[in-house]
Amino acid sequence: MAITKIHPIKSTLKKAIDYIVDPAKTDDKLLVSSFGCAVETADLEFEKTRLLAMQKGNNLAHHLIQAFEPGEVSYAQAHEIGRQLADEVLQGKYPYVITTHIDKGHLHNHIIFCAVDMANQRKYISNRQSYAFIRRTSDRLCKEHGLSVVKPGKDK
């Protein structure tokens, strides 16, 4: 059962990326991947992409978290599901850094992606509809990998 959250990064992008790639949390950086950017310079590359955009907005990037039920998934499987989630949601348009943290009782992915797409320099719109798509995609991927899914109810 994966739980998802997303929030904007409005400042300290480098600090956020440094936090998610921490070797102590990512099995000495074995569980770190990226798309469309180099992990070491992602903050600079995101900024360069944002500068090309006409309407930049306040967000430097977005931080998507996907947390799994304790003991339900392996390190490699969690990372692969997170990569598939990022690829499907971002459709190859937004550069991202993904890490899988193994330092807590539950495995969880951190996906930080640029607020502006690489091809058209359009902002990512984060709203209820885009979050619902993230949630549906995460649930479907979990089902495909034989994991449990959160049942809809009164609680979010």
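This text walks through the protein chain from its overall build to a few single residues.

The model is predicted: local features need a pLDDT of at least 70, side-chain atom pairs count only at pLDDT 80 or more, and totals for chains, interfaces and linings use all residues. Residues are numbered from 1 along each chain as its sequence is written, and side-chain values use heavy atoms, with hydrogens and water left out.

Start with confidence. The score pLDDT is the predictor's confidence in each residue, from 0 to 100. The protein chain averages a pLDDT of 92. Of its residues, 96% score at least 70. Confidence is lowest in strand 1, at a mean of 92. Confidence is highest in strand 4 (residues 96-101), at 98. Where pLDDT is low, predicted coordinates should not be read in detail.

Next comes the fold. The protein chain has 4 helices and 5 strands. Here helices (H or I, at least four residues) and strands (E, at least two) are DSSP runs, numbered from the N terminus. Read from that end, the elements run β-α-β-α-β-α-β-β-α.

How is the chain packed as a whole? With 156 residues, a compact globule would have a radius of gyration near 15 Å, and the protein chain agrees, because its own value is 15 Å. The radius is taken over C-alpha atoms, and the globule rule is 2.2 Å times the number of residues to the power 0.38. Along the principal axes, the C-alpha atoms fill a box of roughly 45 × 35 × 25 Å.

Buried residues make up 44% of the 156 residues. Buried means under 20% relative accessible area, exposed means over 50%, and partly exposed lies in between (1.4 Å probe, protein chains only). A contact means heavy atoms within 4.5 Å. Among contacts with a separation of 6 or more, 73% come from residues 24 or more positions apart.

Now the surface. The accessible surface of the protein chain comes to about 8500 Å². Carbon and sulfur atoms account for 53% of that surface. Such areas come from the Shrake-Rupley method with a 1.4 Å probe, and for residues only the protein chains shown count as cover. The chain carries 22 positive and 18 negative side chains. The centres of the two sets lie 10 Å apart. Lys and Arg count as positive and Asp and Glu as negative, while His and the chain ends are not counted. The place of a charge is NZ of Lys, CZ of Arg, CG of Asp or CD of Glu.

T100 lies in strand 4. T100 counts as buried because its relative accessibility is 0%. Leaving out residues up to four places away in sequence, T100 touches K25, T26, L31, Y75, A78, H79, H108 and N109.

N109, one of those partners, sits in strand 5 (residues 108-114). N109 has a relative accessible area of 0%, so it is buried. Beyond its neighbours within four places, its contacts include L64, I65, F68, I98 and T100. N109 and V21 are 88 residues apart in sequence, and their C-alpha atoms are 11 Å apart.

Now look at the loops. Between helix 1 and strand 2 lies K29. At 43% relative accessibility, K29 is partly exposed. Leaving aside neighbours within four places, K29 is in contact with V21 and P23. K29 and T100 are 71 residues apart along the chain, with C-alpha atoms separated by 9.1 Å. From K29 to I112 the gap is 83 residues in sequence and 16 Å in space, C-alpha to C-alpha.

D27 is found in the loop between helix 1 and strand 2 (32-35). D27 is partly exposed, with a relative accessible area of 34%. D27 has a positive phi of about 55° although it is not a glycine. T12 is not a glycine either, yet its phi is positive, at about 50°. T12 lies in the loop between strand 1 (2-9) and helix 1 (13-20).

Is A53 buried or exposed? A53 is buried, because its relative accessible area is 3%. Residues up to four places away aside, A53 touches V116 and Q121. A53 and R122 are 69 residues apart in sequence, but 6.7 Å apart in space, C-alpha to C-alpha.
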